[in-house]
Amino acid sequence: MNLKVFGAVILTLTALMFNPALAQEAPEVDRTATGGAQTLEDIMARQKQLEVDESFRSENLGNPENAAAIDEPLGTLGGSSQSDQWRGIRYNEADIQTVTRGPAVDVLIQDGGMPWYKLREGPMITYGGGALIAIIVLLAVFYFVRGKIMIDGGPAGTTIERFKPVERFGHWLLAGSFVALGITGLITLMGRSFLIPVLGPDAFSALAIGSKWVHNNVAWAFMLGLVLTFVMWIAHNIPNKLDWQWIKQGGGFIGKGHPSAKKFNAGQKIVFWMVMILGFSVSLSGLSLLFPFQMPMFSDTFGFFNSILGTDFPTVLAPHEEMQYANIWHSIVAFVMMVAIMAHIYIGSVGMEGAFDAMGNGQVDLEWARQHHDLWVEEVEAKQGKRGSS
Ligand code: HEM
């Protein structure tokens, strides 16, 4: 599936799950009997979660500035009545005087809160947590069925340098921070449901405050790790014809023989690009959450999708709704990454003989290297040969 379509599908699903704007429209209502005010039919339609055109209320806000021009009798509040003012508050049009000014202070009521809360406490925990359990079970089954992938004919006993210290530093910065962010993120999302019953509210409160601190601060290490590994490895991750061969042979996991590969095979390139693209996206939505209301990005993103795909995503979002979308998107992307990274951790540790050394001490067995990255070994040996002869 191409990336744009995939992105649109994810966005559509997200929007469908908690976007009240996609509800069914309510039938036209005759309000002459109430003089234009709300009728019982309006209230019933809202209770049925139908989409009610609220303009008869949102645009009926009185006229406080131009009271003198109003020919109807004025009330105690001049050109606007108390109902007008409450409607102003409901539709974020009231002139609110607060001590602190900020991008969200004028919004006293917004509609996205409850659907967001329900999505976060319900499907997000169920499907996200379910996906994590499913991948752990799947990897365990794979381990028992396929077994550890061994070096055919055993190790050579001599080694070759696979990753320089700076590459390993970049990898472990990225990996260590990712694991810390994953654990503290899960505590933040699921702690109320699963940890309060076990730890009690006081201990959980301390843990949640600590988790939040770690999550907010370790995020910078993750972003640095992402930039370092991107710069160091991008040149080795440009797709080429060999990758297609590798994929067609199932990467050597299924069947016999090892397909040829340079420094990174197609499977690793997929991991690399997944980490970079999703890592960038999770960082952006994370920054938007870290600096509330300062980096709204969903109305623009939705507008962009609407213009290229003809979709109908809402583009007028209250500041709080922007944050709710950022929060949901952040969690979805993080879960996709966690699931994929579990598979990566498996293959880089217990799943394959000799793989961990590459990131452990940087030296891999020559036979392992020949079997998994034959063309890379040839390149390294050719360079060494040149150096040796000059
Ligand atoms: C925490 C446990 C982890 C272990 C044991 C581990 C292990 C490894 C190993 C052994 C390699 C080198 C493979 C080779 O020689 O070709 C590697 C590469 C890599 N790792 Fe990890 N890793 C871990 C976590 C992570 C995390 C959390 C990320 C990203 C968020 C990550 C991203 C990468 C990338 C992008 C590469 C290069 C592409 C690839 O080999 O797939 N790793 N890892």
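1. What share of the contacts in the protein with a separation of 6 or more is made by residues 24 or more positions apart? The answer is 73%, where a contact means heavy atoms within 4.5 Å.

2. Before you go on, a word on where the values come from. This is a predicted model, in which local features need pLDDT of at least 70 and side-chain atom pairs count only at pLDDT 80 or more, while totals for chains, interfaces and linings use all residues. Residues are numbered from 1 along each chain as its sequence is written, and side-chain values use heavy atoms, with hydrogens and water left out.

3. Now the overall picture. The protein has 16 helices and two strands; these are DSSP runs, numbered from the N terminus, with helices being H or I of at least four residues and strands being E of at least two. Of the 390 residues, 36% are buried. Buried means under 20% relative accessible area, exposed means over 50%, and partly exposed lies in between (1.4 Å probe, protein chains only).

4. The UniProt record, an unreviewed entry, lists "transmembrane region" for residues 124-145, 172-198, 218-238, 270-291 and 328-347. Its positions are given in the numbering used here, feature names are shortened, and annotations may be inferred rather than shown by experiment. You can look at two of these spans in the model. Residues 218-238 are 76% helix and 0% strand, with end C-alpha atoms 29 Å apart. For residues 270-291 the figures are 95% helix and 0% strand, with 31 Å between the end C-alpha atoms.

5. Next, find helix α11 (residues 266-290), which packs against α13 at an angle of about 150 degrees, with the axes 9 Å apart. Axes are lines fitted to C-alpha atoms, for helices over the stretch in contact, and angles run from 0 to 180 degrees between N-to-C directions. The pair is therefore roughly antiparallel; the classes are roughly parallel under 35 degrees, roughly antiparallel over 145, roughly perpendicular from 65 to 115, and oblique for the rest. Their crossing is left-handed, meaning that the near helix is turned anticlockwise from the far one by less than a right angle (clockwise would be right-handed).

6. Which residues make the contact of α11 with α13? Among them are V271, M274 and L278 of α11, and W329, V333 and H344 of α13. By class, this contact has 15 nonpolar, eight polar and no charged residues. Here Ala, Val, Leu, Ile, Met, Phe, Trp, Tyr, Cys and Pro count as nonpolar, Asp, Glu, Lys and Arg as charged, and the others, Gly among them, as polar.

7. Helix α13 (residues 319-348) also packs with α5 (residues 113-121), at about 15 degrees and with axes 10 Å apart. These two helices are therefore roughly parallel, and their crossing is left-handed. On the α5 side are G113, W116, L119 and R120, which meet Q324, N327 and I328 of α13. The residues of this contact divide into three nonpolar, three polar and one charged.

8. Is H171 buried or exposed? H171 is buried, with a relative accessible area of 14%. Beyond its neighbours within four places in sequence, H171 is in contact with T229, W233, H344 and M359. L228 is 57 residues from H171 in sequence, and their C-alpha atoms are 8.4 Å apart.

9. The other α7 residue is E167, which is buried at 7% relative accessibility. Again leaving aside neighbours within four places in sequence, E167 is in contact with R162, M232, W233 and K263. E167 and G362 are 195 residues apart in sequence, with 9.0 Å from C-alpha to C-alpha.
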